[in-house]
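Dear colleague,

Please find the structure below, together with its sequence.

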Amino acid sequence: MPEQYILLPAAEHSIDPDAIDPRSRDIIKRLQKAGFQAYLVGGCVRDLLLGHQPKDFDIATSAHPEQVRKLFSSCRLIGRRFRLAHIYYGRDYIEVATFRAPHDTGQQGSVDAQGRIIHDNVYGTLEEDVWRRDFTINALFYDPVSGEVLDYIGGLEDLRARRLRLIGDPQLRYREDPVRMIRALRFAARLGCSLDGETGHLIRPMANLLDAVAPARLFDELLKLLHGGYGFRSLQLLEEYGVLGFLLPLTDESLELDQSGCFRRLLETALQNTDQRISEGKSVMPPFLFAVLLWEQVRVLADEIMEEEGCPEVQALNLAAGEIISDQVQCTAIPRRFSNITREIWTLQPRFSYRELRRANTLFNNQRFRASYDFLALRAEAGEGEEVMADYRWWTEFQQARPDDRAALCAPSARKRRKKRKNKSRQED
Ligand code: ATP
Ligand code: MG
C-alpha cells in the first residue's frame, strides 16, 4: 500500500466551499472533534473539482458504525453486507461509511468462484479505502474543514485529463463486480471522459459477466444511465462497447433488425428529448422510457397475434405487452408499478384513431393521455407511417381547439349516424 500521496491545499484547487452541503460539513466537524478521521469522498469530490453540483455528499470515516451512531441521535444503521450509517435530516439523510479494506486483504472479505465479491465488510484505514474504490477519479478525499484534497492514486491527474481508469488490475476489478463496466460507460457519457487502455478494451470481451448480475441491480443502473441527463450518449456507448445486449437484449435486437431506421429514430429522439427535459429540470418517467425501448418488439408481436388469432388491436397489444415484459424482466427487472403504466401507454395507441366526440373525450380524460399522446408524437416523428401522422395531427388540433369547437372536428357517432339514416328513410316514406 503506497504511503505517498498528493495533498492539495485549498488555495490550489477550485472547490467552491459554498457548493458543499453544510450538513455534511457539520458531520465531518463533529467526527473530527471526536478524534476520528472524516472526509467527503467519491463522486462528490470529483464533481466539486469539475465545478458540477454533486448529487449526494458521501462521507468516509475511521469511526465504526456503532461509534457514528453514538455521536448522532438521528443516525440509523443499515445493511448487512455493507454496514452504513445514515444521518437523518427529516426524510433526507447523509451517508457515512467506515473506511474499508479491499476484500482480499482482510480475513472476512471473500470472493466467489467467478471472482465476484460476496462479502465486503472489512474495516480498514483511509489508505486501504482508496484501493477498494472503482475508478481513480472516484477515490479522491476532501476535508471541508481544512480545505485539503488527498490523492493517493493519480485521480487528480486523470481528472485533469478527463480519463477514466480502474484502480488495480482491470480484469480483476471487472470480475469482482461487472457493474463497474456499466458505471464506466455512465461516467464516460456524463463527464465526457475517455476510457483508459484496458478499462475500455476489456468491456467488450467481459460484458457477458453482466448475465450474472441481479436483474434488480441492472434496472437501477439502467435508469441511472438513461435517465441521468446523458441518455443519448450513454446509448451510443452501450452499443459501441457491446453492452446493450446484456442490459436490453430486445432493444438490441430491434436495432439490429431495423432496416428502415424508424426504431432508431424513435429511440434516439426519445433519449434526446429526455436529456433536454432533465437539463431544464423537468420530470421524466421510467414507464415512458420502457414504452420506447420495447415498442418495436411489442408492435411486431401484436401484428402477428392479430393475423393469427384475428383479435382486435388493443387486445393483441395487451397480449404482446405481457409476453415482451416478462421476457425483459428476466434480464433487467422493471418493477410492476412501472410496467403497468408502460402497458397502458401501448394499449391506448389504437384509440387515437377514434374520431367520435364521446370516445375522444374519454381518451382525453384518461390519466395516461399525456404520456400516450407524447408517445404517439414520437412515433409520428420517427416516421411510423401516414396513419400515425394523421392521428397525431388530428389530436394536436383537437387539443388546441376550444372545448366548444371540438365537436366540429369529430365524426358523428355511430348512434347519431343510425338516427340520421332512420330520419332520412322516414322522410322518404
Ligand atoms: P454519482 O454521481 O452517480 O452518485 P458516484 O461516483 O458518487 O457517482 P455512487 O454510486 O454514489 O457513485 O458511489 C459513491 C462512491 O463509492 C464512488 O465514487 C466510488 O468511490 C464507490 N463505489 C461505488 N460503486 C462502486 C463499485 N461498484 N465498486 C467500487 N467502488 C464503488
Ligand atoms: Mg454518489
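The structure holds 19 aromatic pairs, where rings of Phe, Tyr and Trp (its six-membered ring) pair if their centres lie within 6.5 Å, and planes under 30 degrees apart count as stacked, over 60 as edge-to-face and the rest as tilted. The model is predicted: local features need pLDDT of at least 70 and side-chain atom pairs count only at pLDDT 80 or more, whereas totals for chains, interfaces and linings use all residues. Residues are numbered from 1 along each chain as its sequence is written, chains are lettered from A and ligands numbered from 1 in the order in which they are written, and side-chain values use heavy atoms, with hydrogens and water left out.

One edge-to-face pair is formed by tyrosine 39 and phenylalanine 141, at 5.8 Å centre to centre and 85° between the planes. Since tyrosine 39 lies in strand E2 (residues 38-41) and phenylalanine 141 in strand E9 (residues 141-143), the pair ties together parts that are 102 residues apart in sequence. Helices (H or I, at least four residues) and strands (E, at least two) are DSSP runs, numbered from the N terminus. Both tyrosine 39 and phenylalanine 141 are buried; buried means under 20% relative accessible area, exposed over 50%, and partly exposed in between (1.4 Å probe, protein chains only).

Phenylalanine 364 and phenylalanine 369 are also edge-to-face, because their ring centres are 5.0 Å apart and their planes stand at 90°. Phenylalanine 364 is partly exposed, at 24% relative accessible area, while phenylalanine 369 is buried at 4%.

Aspartate 391, in helix H20 (residues 386-400), is buried at 10% relative accessibility. Its side chain makes a polar contact of 2.9 Å with that of arginine 355; such a contact is a pair of N or O atoms within 3.5 Å, and within protein one must be able to donate a hydrogen and the other to accept it, with residues adjacent in sequence counting only if both atoms are side-chain atoms.

Ligand 1 is surrounded by 18 residues, each having a heavy atom within 4 Å of it. A nitrogen atom of ligand 1 is 2.8 Å from an N or O atom in the side chain of aspartate 177. Helix H7 gives the most to the shell around ligand 1, with five residues.

With kind regards
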